[in-house]
Amino acid sequence: MKVLVTGGCGFIGSNFVHLLMKDQSVSKLTNLDALTYAGHPQNTSDFKDDDRYEFVEGDLRNKSLVFDLVKEAELIVHFAAESHVDRSIESPDEFITTNIVGSFNLLEALKNTNPKARFVQVSTDEVYGSIQEGQFTTKSPIEPNSPYSASKAGADLLARSYHQTYGLEILITRSSNNYGPRQTPEKLIPLMIQRATAGQALPVYGDGSNVRDWIYVEDNCLGVWQACKKGQAGKVYHFGGECEKSNLEVVHQIIESTGANKDQIEFVKDRLGHDWRYALSIEGSEKELGWRPETDFNQGLSKTISWYKENGDWMKAVSQKIETWMKRYEGD
Ligand code: NAD
Ligand code: TYD
């Protein structure tokens, strides 16, 4: 099978590339990535000499490039996005053009050049907004609260409409918060690992009681792959970790595991429009795909911390790329 992955040099996309390159049913994997601040070529360097792998440095917003690549694929798995909520609050422009217009370009390419191919839109529980009690189901209303989640919701709704209107083989996956190797250290877990280890302040927004449902990235990738193979077009599949934790709990666990000090915690100004809690029902994915998250949080966090410890060069290179963003923490 010929697969086009978008965003394969990012966090989840690169873990997905690693998974697919182990699968001999994949005869060719093309990775389209613009190498933004969050895309790192070293994330897929294991495959650079592999004949089954092709890297194309390019932008989803380049319509003719997108048309050329989509027309060659049997399966398109769309991860590429601007993905950081805080950045979307500060400057949403790229979120609109990449996440909405970029996804639109892929869908147009599918419709016009390759209507028999399968398309998987990789999305997030954040499109449902925040939930006080219970869990989001695939039928929950779409009520995004940040420019990031609104842009993802826009793309999801376009994907849905291209299935409904043109009968294309499109499905959507939505996962909870991923953690694991190769995540850019602007998101909670890698940021805290990096700063805890360096003896720096650990900036917790508000009082740290917001809740996220954490999934180890490889479990999400296995779910997305199952959805690619067995999912039904027009449907939404949830991949949650069944692992709800407050941010403060997560930070305490990182402090314990890295030998850092509780005094490093610093409560800082809360995020604007900060979603209180996310929680996903995975019932449909269990029943239809036979999928469940396999990695428990203690095991996953300890693998993640070890990966960052063993990959100091990666962390150094990536940190240099996001130096401007990290200036916000200066003066600690
Ligand atoms: P990431 O920010 O680590 O990686 C995004 C990748 O997309 C990067 O390699 C970047 O270079 C590439 N990219 C960005 N703009 C592009 C453009 N215009 N053209 C081509 N490539 C471009 O993101 P991630 O955390 O790996 O998330 C991947 C997907 O999963 C996103 O769609 C995100 O919304 C979704 N998701 C992420 C999480 C999470 O916890 N990280 C949870 C649920 C869903
Ligand atoms: P993040 O990793 O940015 O993911 P998302 O906002 O998509 O869920 O943030 C996870 C949680 O951690 C969120 O409630 C915000 C909080 N947070 C902090 O408290 N401090 C930080 O420095 C960051 C980046 C996040």
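This is a predicted model: local features need pLDDT of at least 70, side-chain atom pairs count only at pLDDT 80 or more; totals for chains, interfaces and linings use all residues.
How do the residues of the lining of the largest cavity divide into nonpolar, polar and charged? They divide into two nonpolar, four polar and four charged residues.

The structure holds one cavity of 30 Å³ or more. About 40 Å³ of space lies inside this largest cavity. Its lining is made by Val85, Glu126, Asn145, Ser146, Arg212, Arg271, Gly273, His274, Asp275 and Tyr278. To find the cavity in the picture, locate these residues and look at the space they line.

The next stop is ligand 1. There are 29 residues around ligand 1, and those that come nearest are Ile12, Asp33, Ser83, Tyr148 and Lys152. By class, this shell has 12 nonpolar, 13 polar and four charged residues.

Some polar contacts can be followed atom by atom. At Ile12, a backbone N or O atom lies 2.7 Å from an oxygen atom of ligand 1. Thr36 also takes part through its backbone, where a polar atom is 3.1 Å from an oxygen atom of the ligand. With Asp59 the side chain is involved: one of its polar atoms lies 2.9 Å from a nitrogen atom of ligand 1. On its own, ligand 1 has 830 Å² of accessible area, and the protein covers 97% of that area.

Which elements give two or more residues to the shell around ligand 1? They are helix 1 (11–21), strand 5 (118–124), helix 5 and strand 7 (177–179). Strand 5 provides the largest share, three residues.

The last stop is the second largest pocket, which contains about 500 Å³ of space. This pocket is lined by 25 residues, and the closest to its centre are Thr138, Lys139, Gly234, Lys235 and Val236. Two or more lining residues come from each of helix 5 (147–166), strand 6 (169–175), strand 10 (236–239) and helix 9 (283–289). Helix 5 gives the largest share of the lining, six residues. By class, the lining of this pocket has nine nonpolar, nine polar and seven charged residues.

Key
Residues are numbered from 1 along each chain as its sequence is written. Chains are lettered from A and ligands numbered from 1 in the order in which they are written. Side-chain values use heavy atoms; hydrogens and water are left out. On a 1 Å grid over the protein atoms alone, a cavity is a set of points where a 1.4 Å probe fits but cannot get out, and a pocket is an open set with protein on both sides within 12 Å along at least five of seven lines; lining residues have an atom within 4 Å of a point. Grid points are joined across faces, edges and corners, and a volume is the space filled by probe spheres set on the points. Helices (H or I, at least four residues) and strands (E, at least two) are DSSP runs, numbered from the N terminus. Ala, Val, Leu, Ile, Met, Phe, Trp, Tyr, Cys and Pro count as nonpolar, Asp, Glu, Lys and Arg as charged, and the others, Gly among them, as polar. A residue is near a molecule or strand if one of its heavy atoms lies within 4 Å of it. A polar contact is a pair of N or O atoms within 3.5 Å; within protein, one must be able to donate a hydrogen and the other to accept it, and residues adjacent in sequence count only if both atoms are side-chain atoms. Accessible areas come from the Shrake-Rupley method with a 1.4 Å probe; for residues, only the protein chains shown count as cover.
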